[in-house]
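Please open the structure in a viewer and keep the selection panel at hand.

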Amino acid sequence: MRAQERLKDLAEAPLGRLLVRFSWPALVSMSLNALYAIIDRVYVGHGCGQDAMAGITLAFPIMMLFGAFGVFVGAGHAALLSIKLGEGDRTACEKILGELVAFKLAFFCVLPPLVFLFLDPILRATGGDGVTPGALEQAKVYLRIVLFSHVFSHLAYGLSATMRSEGAVVPSMMCMVVGFGVNLVLDPIFIFGLRWGMMGAAVATVIGQVATAILSFWYLLHMRIIRPRAGDYRIAGDLCTRMLTLGMTSFLSQISLVAAMAAINNMIRKYGALDPVFGQEQYAQIPMAVVGIVMKFFQIVISIVVGMAAGCIPIVGFNMGAGKSSRVKALFTSLLISEAIVGAVALVLVEAFPRQLIALFGAANESSYYTDFALRSFRIYLCMIILACVNKACFIFLQAMGKAAESTALSMVREVVFGVGFALLLPVFFGLNGVLYSMPLSDILTFIIAAYLIVKTYHQLSKDMITSASGDMR
């Protein structure tokens, strides 16, 4: 499909068809991005043992920290790019894309060396203080290699969002598919064939991310609608503040999730040590390893949710810029229903088939304590996953509409006030189970606030429709 036809479709094509066409490649891309770490965990679980599994769990908050800076730049640029496309301002679009590349390179020339320099205290703060030396060392092995690949990972993420904004959803997906395929093939070769263990998992991930970044950058050089000039690749311009304001929503959402994960890891370590079973040295790593598995499954589900919502961003932004509020309202309804269905399917899986999910991560030879805690964790921790899916969709849609304040506030309340607060408070009364209760309670209370914002957004869009209709009649 030619570039101009893609833009015409954004304004006129049936929304159901657009939602499917834009969402499924974004969904695949986001899911594959999450599966990078999942595949590592599966292979490590089968080949490296509990210390390695706990090590990846320790590494997860730091990976999320890097992800926060990645989406800080990428999400804001993508949202504003879609709005400017709807307004027909191609010059602004070229500057936005040039700044995207410049920001990504600047962030990741500075951030990895800083984290590497302070890796030990950061790991202790995120739950590594008190775990076995083996688990801590495995986390360091993984992070020391993967840290320096994130410039490729998040450059690819930002460019992928740009492709979707232009309507090129399939090329965006294919870049991710190639990188994932490379990682999938190399993981068993490096981990089992060359016996590199955790180092092999990290090296395979890096090579896959480099492949994705190379393909994404190649597409950037051949884009048809938006073609930045040499002078656009710089951090400057009057669009910068607005881009970072929109990106701040995603950044704070991610960074607050890091704080929540750090709180959960620390509470698991503290109250696991007080548990009559997990306080024993031979079982000490079970809670950390198990919660890491549960979070990885949750990450897959949320990646599907984010992928579907990300597919809406170019449609929402374009139609907001073009003043088509009725299409935005109808799309919001379709998205919320679709995300609730995803959550319902995930709920059935975690409640009915947790044993099969656990088995994917190499738990066949673990103790009965491992299995029992894993079953309990899946069923309690994720029992409100439907609400979690709807909440996340609400965050992203509001951001795509340019409602940075509402989206940021809702995200911060979920992850910091509720996520961190309940993770610290509930274990005082319920011990290790309190950590598991923190997730569903946070999602219930967040949904109450999200429902208010959803209704408010519907009312605003309805008023905009009336205003637009009145203007057309004059």
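Leaving aside its neighbours within four places in sequence, which residues is asparagine 391 in contact with? In this predicted model, select asparagine 391 in helix α15, residues 385-400. Beyond those sequence neighbours, asparagine 391 is in contact with Asp443, Thr446, Phe447 and Ala450. Asparagine 391 counts as buried, because its relative accessibility is 2%.

Next, display the aromatic rings; a search of the whole structure finds eight aromatic pairs. Select phenylalanine 332 and phenylalanine 397: their ring centres are 4.3 Å apart and their planes lie at 10°, so the pair is stacked. The pair links distant parts of the chain, with phenylalanine 332 in helix α12 and phenylalanine 397 in helix α15, 65 residues apart. Both phenylalanine 332 and phenylalanine 397 are buried.

Tyrosine 458 belongs to helix α17 (residues 432-473) and phenylalanine 332 to helix α12, so the pair ties together parts 126 residues apart in sequence. Tyrosine 458 is buried, as is phenylalanine 332.

Phenylalanine 353 lies in the loop between α12 (325-352) and α13 (354-359), and is partly exposed, with a relative accessible area of 39%.

Finally, select helix α6, residues 133-146. Its buried residues are Ala135, Ala139, Lys140, Tyr142, Leu143 and Val146.

How values were computed: Residues numbered from 1 in each chain as written. Predicted model: local features only at pLDDT ≥ 70, side-chain atom pairs only at ≥ 80, totals over all residues. Heavy atoms only, no water. Helix = DSSP H or I, 4+ residues; strand = E, 2+ residues; numbered from the N terminus. Buried < 20%, exposed > 50% of the residue type's maximum accessible area, 1.4 Å probe, protein only. Contact = heavy atoms within 4.5 Å. Expected span 1.5 Å × (residues − 1). Phe/Tyr/Trp six-rings, centres within 6.5 Å; stacked < 30°, edge-to-face > 60°.
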